[in-house]
Amino acid sequence: QHYFTVLFGHEGQKPLELRCEDEVDGDEWVEAIHQASYSDILIEREVLMQKYIHLVQIVETEKVAANQLRHQLEDQDTEIERLKSEIVALNKTKEKMRPYQGNQEDEDPDIKKIKKVQSFMRGWLCRRKWKTIVQDYICSPHAESMRKRNQIVFNMVEAESEYVHQLYVLVNCFLRPLRMAASSKKPPISHDDVSSIFLNSETIMFLHEIFHQGLKARIANWPTLILADLFDILLPMLNIYQEFVRNHQYSLQVLANCKQNRDFDKLLKQYEANPACEGRMLETFLTYPMFQIPRYIITLHELLAHTPHEHVERKSLEFAKSKLEELSRVMHDEVSDTENIRKNLAIERTIVEGCDILLDTSQTFIRQGSLIQVPSVERGKLSKVRLGSLSLKKEGERQCFLFTKHFLICTRSSGGKLHLLKTGGVLSLMECTLVEETEAS
């Protein structure tokens, strides 16, 4: 049999033995309880260490690139000095030849041909020298880095154009027509539901239209690309994303409820049949803004990887990236908290007696499932364990819910409803110790 024992740190509570159908399920429960405690912090620490190592590698790579660029600059300075000396020597030679220019008409035709050949040779030598300089720069790491940086910017403009088009379809093919439908004589949807589903998506569209126009204006001035001031304008207005992301799950629930109305569902299918939607559903368009902030963070990370440390935009781009990462963390935490609260309330509603401990916002759901409760064994003899009205002489199936602070044990009635055990149904995990017996005995 595959079972494990829960021992409690206070007296008066007898051990609780739980058995699973198979070994895999038991291992998953034990692993879930492990992860609900100090091991979470260890995992987070490992993830942070991996990120730190990655950043250190990036810094070392950029240091090597900086040294290479410094050597290239020194070589170019030497080449410039050499070319200057050549120019001075050529000017001196030209000064010496000036007295003979007045007698060019009387010069020998052979001399003119020689001078013409020399002129061609000098031009050919200059062009070859210039070609060598340009070719060396084109093949240099600095030029390759600048090409990659430009490509990242061009891809960013294309992605922004596509995103603005998606917002345009969301607003013009769904939001505005549904607003008009909500004002009709027999509205298939109310104005409140329209506001709950779309929230501030129209404002987000206007914001990104302005940002896209700014990007196109910067591209028009290529090869000079200054983007940091655009992000400085965009950052203060990105807080509207917090409200949209916080409302996203609720908007999908409202939309699902509205689809129960046949008139609304029929109207929505007509809107989704619009060629501009390209076969995509409304839920797809509502999800696009959820990924925009992470996309900006990735783009800025790639852009900074190809931006020299002495670049005029370096600090501004790093500031924009840090602000976006901070905003992304806040939005992720808010979404996680909201989803956790809704999950807890959904479980609380399934329990007939209710459960006050699930109203704690810091209570995080981890796992649920069925376990077999077995009679407790003490000193080699089978003892009776009182659990509610059931004197446990044989195995019984229990519906269990594991949270970060509590462990709930429920019985399921014939009607499918859940009831907490009267005794031992809510177990606090705050002072518990998990002991895994590895010996065969």
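Tutor: E79 and R82 sit 3 residues apart in helix α2 (residues 38–97), which means about one helical turn separates them. Keep in mind that this is a predicted model.

Student: What makes the meeting of E79 and R82 a salt bridge?

Tutor: The side chains of E79 and R82 come to 2.6 Å, N to O. The cut-off is 4 Å between a side-chain nitrogen of Lys or Arg and a carboxyl oxygen of Asp or Glu. The pair therefore qualifies as a salt bridge.

Student: How do you know that E86 and R82 form a salt bridge too?

Tutor: The closest N and O atoms of E86 and R82 are 2.4 Å apart. That is within 4 Å, so the label holds. E86 and R82 are 4 residues apart in helix α2, again about one helical turn.

Student: Which residues are linked in the network of salt bridges with R82?

Tutor: E79, E86 and K129 join R82 in that network.

Student: Why is E79 called partly exposed?

Tutor: E79 has 24% relative accessibility. Buried needs under 20%, and exposed needs over 50%. E79 falls in between, so partly exposed is the term. R82, at 31%, is partly exposed by that rule. E86 is partly exposed as well, at 36%.

Student: What makes E278 and R280 a salt bridge?

Tutor: Their closest N and O atoms are 3.4 Å apart. The limit is 4 Å, so the pair counts.

Student: Are E278 and R280 buried or exposed?

Tutor: E278 has 59% relative accessibility, over the 50% limit, so E278 is exposed. R280 has 15%, under 20%, so R280 is buried.

Student: How many salt bridges does a search of the whole structure find?

Tutor: The search finds 11.

Student: Turn to E202. Why is E202 called buried?

Tutor: E202 has a relative accessible area of 15%. E202 lies in helix α6 (residues 201–220).

Student: What makes the E202 and R176 pair a polar contact?

Tutor: The side chains of E202 and R176 are joined at 2.8 Å. The cut-off for a pair of N or O atoms is 3.5 Å, one able to donate a hydrogen and the other to accept it. The E202 and R176 contact is therefore polar. E202 also makes a side-chain polar contact with R179, at 3.0 Å. Leaving out residues up to four places away in sequence, E202 touches V171, L175, R176 and R179.

Student: Why is S316 called partly exposed?

Tutor: S316 has a relative accessible area of 27%. That lies between the 20% and 50% limits, so S316 is partly exposed. S316 belongs to helix α12 (residues 314–350).

Student: Now a helix pair. What is the crossing angle of α5 and α8?

Tutor: The axes of helix α5 (residues 191–198) and helix α8 (residues 239–258) cross at roughly 135 degrees and come within 7 Å. Roughly perpendicular ends at 115 degrees, and roughly antiparallel needs over 145, so α5 is oblique to α8.

Student: Which residues of α5 meet α8?

Tutor: D193, S196, I197 and F198 do. Their partners in α8 include F244, Y250 and L255. The residues of this contact divide into 7 nonpolar, 3 polar and 1 charged.

Terms used. Residues are numbered from 1 along each chain as its sequence is written. This is a predicted model: local features need pLDDT of at least 70, side-chain atom pairs count only at pLDDT 80 or more; totals for chains, interfaces and linings use all residues. Side-chain values use heavy atoms; hydrogens and water are left out. Helices (H or I, at least four residues) and strands (E, at least two) are DSSP runs, numbered from the N terminus. Buried means under 20% relative accessible area, exposed over 50%, partly exposed in between (1.4 Å probe, protein chains only). Contact means heavy atoms within 4.5 Å. Axes are lines fitted to C-alpha atoms, for helices over the stretch in contact, and angles run from 0 to 180 degrees between N-to-C directions. Angles under 35 degrees count as roughly parallel, over 145 as roughly antiparallel, 65 to 115 as roughly perpendicular and the rest as oblique. Ala, Val, Leu, Ile, Met, Phe, Trp, Tyr, Cys and Pro count as nonpolar, Asp, Glu, Lys and Arg as charged, and the others, Gly among them, as polar.
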